[in-house]
Amino acid sequence: MTQKQALSSSELGTLWMTYQEKTMIQRMLEYFIEQADDNQAKEIMQNTHMKIINCIEDIKAILKNEGAVIPVGFTEQDVNTGVPKLYDNMFDIMFLRLLQEISMGLHTLHLNMSYRKDIILLYKQLTEFTQSSYVECVDYLQEKDVLSRPPAVTMPKSVKFVEGKNYMSGFNLFSEKRALNTVEVAHLYHAIESNIIGMQLITGFAQVANEPEVKKYFIKGKELAKKIVTDNTQVFLQSDIQPPSTWGANATDSKVAPFSDKLMMYCTSLFCSFGLGSNALGTAFSLRSDLPLKMINEAKDILTYGQEGGKLMTKNGWLEEPPQMQDRNALTK
């Protein structure tokens, strides 16, 4: 009988990251399910919640079999379901859609870092479930007519190749910038869309945060998201493209926290990481020279903001440390 391979460092690291993310989503869904008025939305969230709990138990079993400690993640202490609504209707599924979008990317990345069959199977199943949940959210929001669609475009009738350097120009103040291509529009639209949701989310966080420093941090994040939305909208308008309209589902006037400061800080950190990844893709695939520079500057602001959050989490004892490699220098002293 072949002995099962031990977990590799990358597999242990990705399981740890998945546990943190899934326990956060579990606790947030507990609140949103309790507050849901719409039965269809409630069913989508309940199905997702059940699958996430199963995933958490699978990770616990793997770690236990390996003799590894179970992470703390997020517990019942991090959520209070019996408080007033912090967000209007529809926000719950809009938010879940974005969480599943983040999860799809993470599961695919983590599968690529896995070698043991059971770990590969775990991420394969997670990817399938997350994609299915994402589609449910999209279908629901489109049925309710609250999900804005990207701009319409005339279908191309012939194949063209780039001619001359003007196609990539964008810095010259005395030359006219070319119209955006559809790849660039896709990345800019995605940045606007995700930052609108992020701005609504963090507005609510700012209203209910307990620690004054944390409240200030969330207010700063709201302004950063607003700036990214404004800057990308301006690029659209310069090309005579209609930007996405701002949805409803805003924060209510509640000032009672449904989540702990620790959970809200981690959620914000996750969104920062997602923003950096999306920004990197936009930078790589944008051919007009002014766009990558704009996106790099945005990424710098997001990175700085995320690092400030990490320091604040460390100061308050909220930043759980990932499993470490052996410190050979310490061992040889």
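Met 90 sits in the loop between α2 and α3. Helices here are DSSP runs of H or I with at least four residues, strands are runs of E with at least two, and both are numbered from the N terminus. The phi of Met 90 is near 85°, a positive value in a residue other than glycine. This is a predicted model, in which local features need pLDDT of at least 70, side-chain atom pairs count only at pLDDT 80 or more, and totals for chains, interfaces and linings use all residues. Residues are numbered from 1 along each chain as its sequence is written, and side-chain values use heavy atoms, with hydrogens and water left out.

Asp 240 lies in the loop between α6 and α7. Its phi is near 55°, a positive value in a residue other than glycine. Asp 240 counts as exposed, because its relative accessibility is 74%. The cut-offs are these: buried is under 20% relative accessible area, exposed is over 50%, and partly exposed is in between (1.4 Å probe, protein chains only).

## The nonpolar cores

The largest nonpolar core holds 75 residues. Met 24 and Phe 218 have the most contacts inside it. Such a core is a set of buried Ala, Val, Leu, Ile, Met, Phe, Trp, Tyr and Cys residues joined through side-chain atoms within 4.5 Å. The elements giving two or more residues to this core are α1 (9-35), α2 (39-65), α3 (91-112), α4 (117-143), α5 (182-208), α6 (212-238), α7 (261-285) and α8 (290-315). A second, separate core has twelve residues, including Val 185, Ile 192, Ile 196 and Ile 241. In soluble globular proteins, nonpolar side chains tend to be buried together.

What does Met 24 touch, leaving aside its neighbours within four places in sequence? Met 24 is in contact with Phe 74, Leu 99, Leu 263, Tyr 266, Cys 267 and Leu 270. Contact means heavy atoms within 4.5 Å.

## Helix α2

α2 has 27 residues. From its first C-alpha to its last it reaches 39 Å, close to the 39 Å expected at 1.5 Å a residue. The expected span is 1.5 Å times one less than the number of residues in the helix.

The buried residues of α2 include Ala 41, Ile 44, Met 45, Thr 48 and His 49. Further along, Ile 52, Cys 55, Ile 56, Ile 59, Ile 62 and Leu 63 are also buried. These buried residues of α2 pack against α1, α3 and α4.

α3 has 22 residues, which should span 32 Å at 1.5 Å a residue. Its end C-alpha atoms are 32 Å apart, which agrees. Of the 22 residues of α3, 17 are buried, so the helix is largely enclosed by the rest of the structure.

α1 and α3 pack at an angle of about 170°, with their axes 12 Å apart. Axes are lines fitted to C-alpha atoms, for helices over the stretch in contact, and angles run from 0 to 180 degrees between N-to-C directions. The two helices, α1 and α3, are therefore roughly antiparallel to each other. Angles over 145 degrees count this way, while those under 35 are roughly parallel, 65 to 115 roughly perpendicular and the rest oblique. Among the α1 residues in the contact are Met 17, Met 24, Ile 25 and Phe 32. α3 brings residues including Phe 91, Phe 95, Leu 99 and His 110. By class, the contact of α1 with α3 has eleven nonpolar, five polar and three charged residues. Ala, Val, Leu, Ile, Met, Phe, Trp, Tyr, Cys and Pro count as nonpolar, Asp, Glu, Lys and Arg as charged, and the others, Gly among them, as polar.

## Two residues of helix α5

Gly 198 is in helix α5. It counts as buried, because its relative accessibility is 12%. Gly 198 and Lys 222 are 24 residues apart in sequence and 7.8 Å apart in space, C-alpha to C-alpha.

Ala 186 is also found in helix α5. At 43% relative accessibility, Ala 186 counts as partly exposed.

The 26 residues of α8 should span 38 Å at 1.5 Å a residue, and its end C-alpha atoms are 38 Å apart, which agrees. Its buried residues include Leu 291, Pro 292, Met 295, Ile 302 and Tyr 305. The cover over the buried residues of α8 includes α5, α6 and α7. Just after α8, Gly 317 takes a positive phi of about 70°.

The axes of α6 and α8 come within 11 Å and cross at roughly 170°. α6 and α8 are therefore roughly antiparallel to each other. By class, their contact has ten nonpolar, four polar and nine charged residues.
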